[in-house]
Amino acid sequence: MTAPISNDRSDRLLHALQSRLKLRHLALLQSIQRNQTLSRVALELRLSQPAITKSLHEIEDIFMAPLFTRTRRGLVPTPSGEAALHYALVSLAELEAASKILTAIDTGLSGRVRIGMTPHVPEALLSASVTHLLGQSPRVAVMTKEGTTDELVAALGARELDCVIGRSLHAHTDIQILQEAIYQQVPCLLVPTHSRARLSRGPLDWRRLAALDWIMPPPNTPMRRTFNAIFLGAGVAPPAPMVETSSLRTIEAVLRSERNAITILARDVAGEIGQDGTCAPLSYALSWNLPPISFFVTQGMARQPVVRQLAVAIREAARLLPAS
């Protein structure tokens with residue numbers, strides 16, 4: 001005998017989601033998020049616009065709330081719509097991940113791990129991560145993605161990645177994502193080698209340095225916020241950057257070609273890109289630390305054996321690194 005449904009709205013909503021919500025509804029929400037208008041959604045899904053409208057009404061009935069506001073620019077999600085879109089995108093991403101894992105298992109692998117890495121992580125940690133994963137028996141399929149910490153953690157929250165090695169995020173608010181600081185790096189001012197003697201004269205003067213050609217991380221990243229805080233703490237307005245990038249190859253190219261170029265990097269990473277003599281650190285000791293390198297993982301993935309073992313391997317590699 002079926003248990004009676006509670007009159008409580010939360011119970012009724014849960015019952016509606018469990019009994020009526022279908023994958024086609026999630027696909028429709030995903031398409032609306034991409035296209036923003038029902039006409040473009042109809043074209044993408046190859047359905048008539050009345051059929052799309054009817055399905056959207058059905059979805060809003062299931063969620064027991066209006067999900068979108070119709071404007072001249074298209075459909076704008078309501079707060080309930082934002083929550084529904086997040087659920088749809090995460091659910092579809094997890095289904096895609098499951099299909100890739102099952103495909104990997106069918107080919108004789110033991111699974112698949114998707115890992116995000118920022119470019120400024122020491123080579124030893126990156127190497128330890130990949131070596132550990134590729135050394136599994138049975139072997140594990142590995143997918144890596146490079147980006148800023150903000151981008152990678154957002155992809156982790158959307159279930160597009162399984163774990164991330166990046167800079168610690170002090171403003172991190174997603175309670176489903178765990179972060180663990182694993183390695184502290186020491187910063188240095190990095191300049192072209194042939195400019196090092198000239199730029200090292202006199203005491204550390206941030207006002208003088210601000211007049212140089214700065215290579216800075218992209219806006220709204222942990223490192224860019226750190227750069228800005230350094231100048232503001234010294235009573236100097238942050239300079240307008242000549243180049244905004246997180247790419248080590250781009251940083252190295254600019255330092256090779258621009259005599260007044262300057263940036264801040266972790267000393268160990270600066271040593272890796274300066275092996276050919278292109279660039280060198282200034283001799284000034286900086287009195288603050290970079291946000292630590294951290295390991296990010298969702299609470300669900302933290303319980304997976306392959307990710308737990310990867311975290312152990314990364315911690316051990318970080319422990320063996322010399323102080324930067």
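**Note on the predicted model: salt bridges, strand pairing and pockets**

1. E252, R256 and D276 are joined to one another in a network of salt bridges. The model described here is a predicted one. Across the structure, the count of salt bridges comes to ten.

2. R20 and D61 meet through their side chains in a salt bridge, at 3.0 Å from N to O. R20 belongs to helix α1 (residues 9–20) and D61 to helix α4 (residues 49–63), so that distant parts of the chain, 41 residues apart, are linked by this pair. R20 counts as partly exposed, at 31% relative accessibility. D61 is also partly exposed, with a relative accessible area of 45%.

3. A salt bridge also forms between R34 and E44, whose closest N and O atoms are 2.8 Å apart. Here the link runs between helix α2 (residues 23–35), which holds R34, and helix α3 (residues 38–45), which holds E44; the two residues are ten residues apart. The relative accessible area of R34 is 46%, which makes this residue partly exposed. E44 is partly exposed as well, with a value of 34%.

4. D150 and R225 form a salt bridge in which the closest N and O atoms are 3.7 Å apart. Because D150 lies in helix α7 (residues 149–157) and R225 in helix α10 (residues 222–233), the pair ties together parts that are 75 residues apart in sequence. D150 counts as partly exposed at 24% relative accessibility; the cut-off for a buried residue is under 20%. R225 is partly exposed, with a relative accessible area of 42%.

5. Strand β3 (residues 111–117) is mostly covered, six of its seven residues being buried. β3 pairs with strand β4 (residues 140–146) in the parallel sense, over seven bridges. Within this pairing, K145 in β4 is the bridge partner of G116. β3 also pairs in the parallel sense with strand β5 (residues 163–167), over three bridges. On that side, I165 in β5 stands opposite M117.

6. The largest pocket holds about 380 Å³ of space. It is lined by 18 residues, and those closest to its centre are I101, R114, D162, M301 and Q304. At least two lining residues come from each of α5 (79–106), β3 and α13 (305–320). The largest share of this lining, four residues, is supplied by α5. Sorted by class, the lining of the largest pocket has eight nonpolar, five polar and five charged residues.

7. The second largest pocket contains about 290 Å³ of space. Its lining is made up of 15 residues, of which P119, E123, L126, E146 and L248 are the closest to the centre. Two or more lining residues are given by each of α6 (123–134), β4, α11 (248–257) and α12 (267–273). By class, the lining of the second largest pocket has seven nonpolar, three polar and five charged residues.

8. β3 pairs with β4 and supplies at least two residues to the lining of the largest pocket. β4, in turn, gives two or more residues to the lining of the second largest pocket.

Conventions:
Residues are numbered from 1 along each chain as its sequence is written. This is a predicted model: local features need pLDDT of at least 70, side-chain atom pairs count only at pLDDT 80 or more; totals for chains, interfaces and linings use all residues. Side-chain values use heavy atoms; hydrogens and water are left out. Buried means under 20% relative accessible area, exposed over 50%, partly exposed in between (1.4 Å probe, protein chains only). Two strands pair if DSSP finds at least two bridges between them. On a 1 Å grid over the protein atoms alone, a cavity is a set of points where a 1.4 Å probe fits but cannot get out, and a pocket is an open set with protein on both sides within 12 Å along at least five of seven lines; lining residues have an atom within 4 Å of a point. Grid points are joined across faces, edges and corners, and a volume is the space filled by probe spheres set on the points. Ala, Val, Leu, Ile, Met, Phe, Trp, Tyr, Cys and Pro count as nonpolar, Asp, Glu, Lys and Arg as charged, and the others, Gly among them, as polar. A salt bridge is a side-chain nitrogen of Lys or Arg within 4 Å of a carboxyl oxygen of Asp or Glu.
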